Amino acid sequence: MDKTNHYDALVIGGGPAGLTAGIYLSRARLKTLILSEGTVGGQMVLTHEIANYPGVESISGYQLSNIMKKQAKSFGCDIKANIQIAQLELNGKVKSVVLSDGNHFTSESIILSPGGRSRTLGVPGEDLFKGRGISYCATCDGDFFTDKEIVVVGGGNSALEEAVSLTKYASKVTIVHQFDHFQAFKHAVDEAQNHPKISFRMESVITAFYGTDHLESVDIKDLKTGVVHQFPTDGVFIFIGYVPNTEFLQGKVELNQWGEIMVKADMSTNLEGVFAAGDSTAKRYRQVTTAVADGTVAALAASDYLHRKNSND
Ligand SMILES: Cc1cc2nc3c(=O)[nH]c(=O)nc-3n(C[C@H](O)[C@H](O)[C@H](O)COP(=O)(O)OP(=O)(O)OC[C@H]3O[C@@H](n4cnc5c(N)ncnc54)[C@H](O)[C@@H]3O)c2cc1C
């Protein structure tokens, strides 16, 4: 075994969950490598301002990512960003990862934290106005729309519950939904339907976003008549589902029907020595704080596993 490329722990994904795992593992003097497909920081780097991370009143996601990265490195954690995994072996006592550049790493344990992404509408202007009027997270961005008129897209529990929560900030919320009925629980539908600030555009879809620096209007198409209206709005929140970045884990570790990694309370998976953390796991609330908490638990459980393994070897 090549000792230079052999680690106590490999962490797949360098978002807040993976970085936190890296901090805890390296601080416990375990030789750790974080491998991340994108830029280190994950979805945090897409976040203009994080105002709900305890102890830090307001910080850009990019800055918070850099602090976490520096902290992990200060404890000796190795980090490789912008990599691509070509082969992954999670079974057996020694785990193995081969990158597309041919680099090969092995480890005694592994933490999976590849995060996820919000499902997008895929219509013109969406990429341009992401973070400039288009949001996928009410908890994160609701406050920026105080006294503004906004649109919420979707018809499931998230869309209706978040639409109600956004009425704390927005002066008016219009829900745009493609069907003539909702897929949410009755109490969520009732609460939205009885709310004085919420109105509905049923059997309708957004077909384009417009603006200059910031989103100013959307095209809404009535699916019954085919008529398209331009609808002025300050912001659009899209809640049409969440996709975990677990395509590369299909058939390798237990996932649920939505592709989320199944974990126990200590973030262990169905495989020995394999743990998971953050937005890619099966859970309801996805925030930096919850990712950081998962990363902590996964790292402590992995340390414990390694300690027991070494005592028995
Ligand atoms: C626009 C936006 C604003 C947000 N604002 C806030 C906020 O204000 N406050 C808050 O608490 N939360 C906010 N969130 C949510 C928060 O960013 C996430 O909950 C958190 O980043 C999840 O952390 P994670 O480490 O699980 O995953 P991620 O942050 O998604 O990181 C996962 C990392 O793994 C990498 N990866 C993916 N697949 C692979 C692979 N196959 N191999 C290797 N690496 C891989 C990814 O490139 C990424 O770097 C926001 C999210 C978005 C999108």
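## Helix pair α5 and α6

A crossing is left-handed if the near helix is turned anticlockwise from the far one by less than a right angle, and right-handed if clockwise. In this predicted model, α5 passes α6 in a left-handed crossing. Helix α5 spans residues 157–166 and helix α6 residues 186–193. Helices are DSSP runs (H or I, at least four residues), numbered from the N terminus. The two axes come within 9 Å and cross at roughly 35°. Axes are lines fitted to C-alpha atoms over the stretch in contact, with angles from 0 to 180 degrees between N-to-C directions.

From α5, Asn157, Leu160, Glu161 and Val164 meet His187, Ala188, Val189, Glu191 and Ala192 of α6. Contact means heavy atoms within 4.5 Å. These residues divide into five nonpolar, two polar and two charged.

## Lys69

Lys69 sits in helix α2, residues 61–74. Its relative accessible area is 27%, so Lys69 is partly exposed (between 20% and 50%, 1.4 Å probe, protein chains only). Leaving out residues up to four places away in sequence, Lys69 touches Leu19, Val40 and Ile79. Gly22 is 47 residues from Lys69 in sequence, yet 8.9 Å away in space, C-alpha to C-alpha.

## Ligand surroundings

The ligand is surrounded by 32 residues (a heavy atom within 4 Å). The closest are Glu37, Gln43, Cys140, Asp279 and Val288.

A backbone N or O atom of Ala17 lies 3.0 Å from one. For a side-chain N or O atom of Ser36, the distance is 3.2 Å.

## Basis

Residues are numbered from 1 along each chain as its sequence is written, and side-chain values use heavy atoms, without hydrogens and water. Local features need pLDDT of at least 70 and side-chain atom pairs 80 or more, while totals for chains, interfaces and linings use all residues.

Definitions and conventions. Helices (H or I, at least four residues) and strands (E, at least two) are DSSP runs, numbered from the N terminus. Ala, Val, Leu, Ile, Met, Phe, Trp, Tyr, Cys and Pro count as nonpolar, Asp, Glu, Lys and Arg as charged, and the others, Gly among them, as polar. A polar contact is a pair of N or O atoms within 3.5 Å; within protein, one must be able to donate a hydrogen and the other to accept it, and residues adjacent in sequence count only if both atoms are side-chain atoms.
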